[in-house]
Amino acid sequence: MMAGRSGRPLSSRLITVARCVVTTTLAAASGGLTVVFTDKMLISHTWDVGMLCNGILAGLVSITAGCGDVRPWAAVVMGFIGGFVYAGSSKLQKMLKIDDVVDAGPVHFWCGIWGVLGLGLFADERGTGLSGPGLFCALALLVPQAPSARASPCGDELLLCTYNAAHRVKIPA
């Protein structure tokens, strides 16, 4: 494959683009569904298209910081939590009598903060390379599990196959 200006092969860049598309779509769907069902069950007890649209936006804003650096399952979780962040902050804003007709503050401010924090939690080691592994990925790399760990031929290292990537960890003698 030809390498572009970034020095990365074209196939690697296309994989990154595909990951961004998938995670963005999953987070938007997750945020929209979370908000519309939360609103139906707990808040207004009606189906509200405006809440659905703002829930989709909440999911999009929540994943924007890390769309290329999180796994699809983490995008669903980030959109899900972003939906609750939006619903809660929108309700709080109404209780405090803050006038925001289209709920731009809860969508962009609070879900944006959640998106940055979520990236710090859910980023994995295989992404764009703009972030390091998040807290959950780093913890998973430190804890060897029986089915995913096997001894290397050298004997003094352990090869961990976590998240479909091989990491060598020195084991003290």
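**Ground rules.** Numbering starts from 1 along each chain as its sequence is written, and side-chain values use heavy atoms, with hydrogens and water left out. Since the model is predicted, local features need pLDDT of at least 70 and side-chain atom pairs 80 or more, while totals for chains, interfaces and linings use all residues.

**Overall fold.** Helices here are DSSP runs of H or I with at least four residues, strands are runs of E with at least two, and numbering goes from the N terminus. Of the 173 residues, 35% are buried (under 20% relative accessible area, 1.4 Å probe, protein chains only).

**Cores.** A nonpolar core is a set of buried Ala, Val, Leu, Ile, Met, Phe, Trp, Tyr and Cys residues joined through side-chain atoms within 4.5 Å. The largest one has 10 residues, including Ala27, Ile63, Met78, Trp114 and Phe122. Helices H3 (72–95) and H4 (104–122) each give it two or more residues. Another core, of seven residues, lies apart from it and includes Val35, Met51, Val107 and Cys111.

**Ala27.** I skipped neighbours within four places in sequence and found Ala27 in contact with Gly59, Ile63, Ala75 and Gly79 (heavy atoms within 4.5 Å).

**H4.** Where does H4 bend? I get about 25° at Cys111, taken as the angle between axes fitted to the seven residues ending there and the seven starting there. Cys111 is also among the buried residues of H4, as are Trp114, Gly115 and Leu119.

Terms used:
Buried means under 20% relative accessible area, exposed over 50%, partly exposed in between (1.4 Å probe, protein chains only).
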